[in-house]
Amino acid sequence: MVKRVNLALQGGGAHGAFTWGVLDRFLEEDRLEVAALTGTSAGALNAAAFKAGMARGGREGAKEALDRLWVRMGAVGDMRIANWMAGFDMAPLLNMLKLAAPFTPMEALSQVISPYAYGPFYRNPLEPVVEQFDFGAVCADEGPQLHICATSVQTGKVRVFSGTEVSTEAILASACLPHLFQAVEIPNAETGKVEAYWDGGYTGNPALFPLFQEGLPDDVIVININPLVREDIPRRPHDIQNRVNEISFNSSLLRELRAISFVQRLLSDGTLEAGRMKRVLVHMIADDDLMTRLSVTTKLIPIPQILTTLKLAGRAAAERFLAAHFDDLGERQTVDLAEMFG
């Protein structure tokens with residue numbers, strides 16, 4: 001029996017290679033059909049590759065598209081260094097910063113140099129990766145629905161790009177960390193104004209509400225990159241900043257999960273008439289043990305060996321999920337939201 005599901009792909013920089021592994025394993029499962037994807041940042045890149053590959057070449061096409069994406073990501077280098085600086089000897093500046101601030105040198109650099117300081121030399125390091133997508137396939141009617149999340153700089157609201165709205169700029173906007181990259185400006189077709197966007201993780205990591213449409217399946221599988229729980233209290237400056245970012249980027253997801261839990265309670269006790277709102281069945285795939293052991297630096301430096309490790313971990317996590325919960329799909333959710341928010 002084929003079971004239809006929706007996938008929600010979280011962002012987390014190069015750690016998104018974990019999601020690559022999950023998707024790679026799912027594509028080998030003939031009993032599973034992906035109806036829609038919503039993605040943010042690295043999740044947006046994974047979702048776009050998945051959609052484009054499915055539209056052009058089915059399951060094998062999607063596997064190949066994901067492989068190509070992460071080969072390109074592995075060649076990006078340190079995303080904290082502007083492209084024009086890569087050929088210069090950075091040692092004197094980094095040594096100075098090492099003495100001047102309680103951060104790693106590159107973290108200190110990102111704190112004192114605005115991405116707008118590069119002037120005409122600036123180019124988003126992800127642009128060469130994203131512009132290679134086949135956007136005819138990314139925006140095609142064939143294959144699963146695709147939704148990409150970004151954050152409006154001016155209003156602070158989530159913006160979801162869907163269908164033909166998905167473009168190089170929309171995906172770059174979804175992955176735009178403001179202390180590293182210049183805001184991505186995109187014209188609003190309705191107002192005619194140009195709007196600036198930052199990383200979607202601030203308002204939807206990823207946004208789940210696009211998956212509540214009529215006709216889509218009830219099951220939402222969240223592929224989680226940022227640990228929801230860390231037992232140890234961070235004490236070093238960069239560990240503290242990393243945990244602040246994780247909490248910030250998880251907060252929007254937790255808000256939507258709390259809303260889903262609230263609706264589930266209303267439906268269960270009869271307060272809300274059945275059929276008035278969608279009963280979403282939530283599942284989650286994660287490897288918090290691995291993610292808490294990895295350095296935060298590896299989010300911004302896509303080292304090929306670590307990308308491969310993350311892919312294999314994602315495949316293993318997907319295998320465990322399918323073995324334990326495939327029969328639950330369409331029947332019951334496997335995340336205890338009542339306990340999560342109790």
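Y202 is partly exposed, at a relative accessible area of 31%; buried means under 20% relative accessible area, exposed over 50%, and partly exposed in between, with a 1.4 Å probe and protein chains only. The model is predicted, so local features need pLDDT of at least 70 and side-chain atom pairs count only at pLDDT 80 or more, while totals for chains, interfaces and linings use all residues. Residues are numbered from 1 along each chain as its sequence is written, and side-chain values use heavy atoms, with hydrogens and water left out.

F249 counts as buried, with 12% relative accessibility.

## Aromatic pairs

Rings of Phe, Tyr and Trp (its six-membered ring) pair if their centres lie within 6.5 Å; planes under 30 degrees apart count as stacked, over 60 as edge-to-face and the rest as tilted. By this rule there are four aromatic pairs. One of them joins F133 and F135: the ring centres are 6.1 Å apart and the planes stand at 85°, so the pair is edge-to-face. Both F133 and F135 are buried.

The rings of Y202 and F249 also form a pair, with centres 4.8 Å apart and planes at 80°, which makes the pair edge-to-face. This pair links distant parts of the chain, 47 residues apart: Y202 is in the loop between β6 (194–199) and β7 (219–223), and F249 is in helix α8 (residues 237–268). Helices (H or I, at least four residues) and strands (E, at least two) are DSSP runs, numbered from the N terminus.

## Nonpolar cores

A nonpolar core is a set of buried Ala, Val, Leu, Ile, Met, Phe, Trp, Tyr and Cys residues joined through side-chain atoms within 4.5 Å. The largest has 74 residues, and L7, F18, F26, F133, V138, V166 and I171 have the most contacts inside it. Helix α2 (residues 42–74) gives the most to this core, namely 14 residues. Apart from it lies another core of 16 residues, including L216, V220, L253 and V335.

Contact here means heavy atoms within 4.5 Å. With neighbours within four places in sequence left aside, F133 touches L45, A48, A49, L69, R72, V138 and I171. Helix α1 (residues 17–26) has 10 of its 10 residues buried, so α1 is largely enclosed by the rest of the structure. Among the buried residues of α1 are F18, W20, D24, R25 and F26.

## Packing of α2 and α10

Helix α2 and helix α10 (residues 304–325) pack at an angle of about 150°, their axes being 9 Å apart. Axes are lines fitted to C-alpha atoms, for helices over the stretch in contact, and angles run from 0 to 180 degrees between N-to-C directions.

K63, D67, W70, M73 and G74 of α2 make the contact with P304, L307, K311 and R315 of α10. By class, the contact residues are four nonpolar, one polar and four charged; Ala, Val, Leu, Ile, Met, Phe, Trp, Tyr, Cys and Pro count as nonpolar, Asp, Glu, Lys and Arg as charged, and the others, Gly among them, as polar.

H147 sits in strand β3 (residues 145–152) and is buried, with a relative accessible area of 6%.

Q213 is in the loop between β6 and β7 and is partly exposed, at 33% relative accessible area. Leaving aside neighbours within four places in sequence, Q213 is in contact with Q145, H147 and K278. The C-alpha atoms of Q213 and K278 are separated by 8.4 Å, and the two residues are 65 residues apart along the chain.
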